Amino acid sequence: MKIIKAAVAGTLESSDIRIMLCPREEHGIEIELDSVVKAQFGPAIEHTVRQALAEFEIQDAFVQLQDKGALDCVIKARMQCAICRACEITYDWTKEDAQNEQ
């Protein structure tokens with residue numbers, strides 16, 4: 001999938017994350033992380049971001065993260081929202097329900 005435009009999801013409130021997703025001319029994923037818990041959880045946050053991008057088969061993107069201690073599930077949800085906005089698609093939220101039933 002291709003990113004069409006820049007998009008933002010999330011807030012700068014405590015326990016949340018603000019994600020800005022932009023198209024990238026060069027190949028690959030570039031992640032810029034500013035986090036109050038970067039020392040402890042930086043690699044885990046980046047893994048969750050890359051996992052969400054892979055789920056949508058996005059190969060080229062610039063991702064800017066401003067984290068205020070968001071849980072993994074919040075990061076995933078914000079990424080899904082930003083990706084849908086950036087790619088101008090609608091997300092099938094019912095597939096999340098099917099995963100939770102397993």
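Predicted model: local features only at pLDDT ≥ 70, side-chain atom pairs only at ≥ 80, totals over all residues.
Which residue just after H2 takes a positive phi? That residue is Glu88, with a phi of about 55°.

**Helix H2 on its own**

- Helix H2 covers residues 72–87, which makes 16 residues.
- Several residues of H2 are buried, among them Ile75, Met79, Ile83 and Cys87.
- Also buried in this helix are Gln80, Ala82, Cys84 and Ala86.
- A handy rule for reading such a list is that an α-helix has 3.6 residues a turn, so residues three or four places apart point the same way.

**How H1 and H2 pack**

- The crossing of H1 past H2 is right-handed.
- On the H1 side, the contact is made by Ile45, Thr48, Val49, Ala52, Leu53 and Glu55.
- On the H2 side, the partners are Asp72, Ile75, Lys76, Met79, Gln80 and Ile83.
- Sorted by class, this contact has seven nonpolar, two polar and three charged residues.

**A closer look at Ile83**

- Ile83 sits in helix H2.
- Its relative accessibility is 0%, and because buried means under 20%, Ile83 counts as buried.
- Setting aside neighbours within four places in sequence, Ile83 is in contact with Leu21, Ala52, Leu53, Phe56 and Ile58.
- Ile83 and Ile3 are 80 residues apart along the chain, yet their C-alpha atoms are separated by 7.5 Å.

**The aromatic pair**

- Searching the whole structure turns up one aromatic pair.
- Phe56 belongs to the loop between H1 and strand E4 (60–67), while Tyr91 belongs to the loop between H2 and helix H3 (94–101), so the pair ties together parts that are 35 residues apart in sequence.
- Phe56 is buried, at a relative accessible area of 8%.
- Tyr91 counts as buried too, with 8% relative accessibility.
- Phe56 also links back to the previous topic, being one of the residues in contact with Ile83.

Notes: Residues numbered from 1 in each chain as written. Heavy atoms only, no water. Helix = DSSP H or I, 4+ residues; strand = E, 2+ residues; numbered from the N terminus. Expected span 1.5 Å × (residues − 1). Buried < 20%, exposed > 50% of the residue type's maximum accessible area, 1.4 Å probe, protein only. Left-handed = near helix turned anticlockwise from the far one by under 90°. Contact = heavy atoms within 4.5 Å. Nonpolar A, V, L, I, M, F, W, Y, C, P; charged D, E, K, R; others polar. Phe/Tyr/Trp six-rings, centres within 6.5 Å; stacked < 30°, edge-to-face > 60°.
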